[in-house]
Structures are given as C-alpha cells and as structure tokens.
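Open the structure in your viewer and keep the sequence beside it. Each stop below says what to select and what is there.

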Amino acid sequence: MPRQNIGERLGKDNKALFKARVDAGPPPGLVGYDDEGTLIGRVQVGARVDVPKWNGARRLTAPLDPADTLDAKVWAISCFVVRAGYRRRGHFFELLDAAIDWAAENGARALDACPVDTKERRPTSALYHGLARAFRDRGFVELARRRPDRPLMCFTIEARGLLP
C-alpha cells in the first residue's frame, strides 16, 4: 500500500484501504496468533515488486541487481511487529521462520532483508526490520552494507533445498 495513501486517510479509511489490498492479493504478510487466538505479531513479506519504495536506487534496501525490482520471484521481508507482552518469547523467530517457509511455498527464489545489526540495546521501535543475527542464524548471507548498522541480506531458497 503506497505510504502517501496512508497519510491521506485516517482510522477507518486506512482499514478499508488495507482490507482492499489484502482482498486484491497477494497477502502482504503473515500474522501470528497464540493458542487462545490472540494476535501476537505480524511480518510483512512478499515480492519486492509489491513494495516499490523498498526498491529505490538510493534506499538501503535497494537490490544489487536492478532487475530484481521487477522479478516476482525475488521477495523481501520488510517489517516485523510483535506485541508488547509477547516479546522475548521467541515469536520473532517463529514469524521469521514462517516468512521463509511462506516465500518458498509461493515460488520465491530469493528472500531479501535489511535488518538492524547492533549489539547495543535499542528501543523496540528501532528494531522493526528485525535483528541481523537472527537472519544470519537462519542462513541469510550479507550482500552489501550501505550503512554500518544495516546489512542487505539474502536467503537463497533453492540453495537451501526449500523449493516445494
């Protein structure tokens, strides 16, 4: 959903815009629930082509190969949210694993991310891209570093034997 559309609308209008985006498909991400059905978090994951601002040439998230911006098989993880009260329980890792599996099941050949790489404690609001160490632990490889704390990373689905 284009950011300018969000800024122009408030409240229920934003919900309607988001619902229209979900209904049009593909889903813009995944949500996680606890055993009682309470929403605990979400991850935005999908084809790069569906998140145009992520592809800007001057962005930290820009792909190394400009052709990847139009390739529906190159996906990206752009945002995580885990609700307060559910953090530090492993739900971020569950969402990351689910995003990797979702990408593989839906034909992605690569999954990019641009997480935060830091050992310093930061506010939760500064970590919505995820933590680089978690991505490394899952097999993501650093492709570039356009800012000291933000590596561009990639998980190659085919190389990991996850293709359906």
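**Stop one: a surface patch**

Select leucine 39, which counts as partly exposed because its relative accessibility is 35% (buried means under 20% relative accessible area, exposed over 50%, partly exposed in between, with a 1.4 Å probe and protein chains only). This is a predicted model, where local features need pLDDT of at least 70, side-chain atom pairs count only at pLDDT 80 or more, and totals for chains, interfaces and linings use all residues. Residues are numbered from 1 along each chain as its sequence is written, and side-chain values use heavy atoms, leaving out hydrogens and water.

Leucine 39 is in strand β2, residues 39-47 (strands are DSSP runs of E, at least two residues, numbered from the N terminus).

**Stop two: salt bridges**

How many salt bridges does the structure hold? There are nine, each a side-chain nitrogen of Lys or Arg within 4 Å of a carboxyl oxygen of Asp or Glu.

Select arginine 48 and aspartate 112, a salt bridge whose closest N and O atoms are 2.9 Å apart. Arginine 48 lies in the loop between β2 and β3, and aspartate 112 in strand β4, so the pair ties together parts 64 residues apart in sequence. Arginine 48 is buried, at 0% relative accessible area.

Finally, select Asp117, Arg136, Glu142 and Arg145, which a network of salt bridges links.

Technical notes:
Helices (H or I, at least four residues) and strands (E, at least two) are DSSP runs, numbered from the N terminus.
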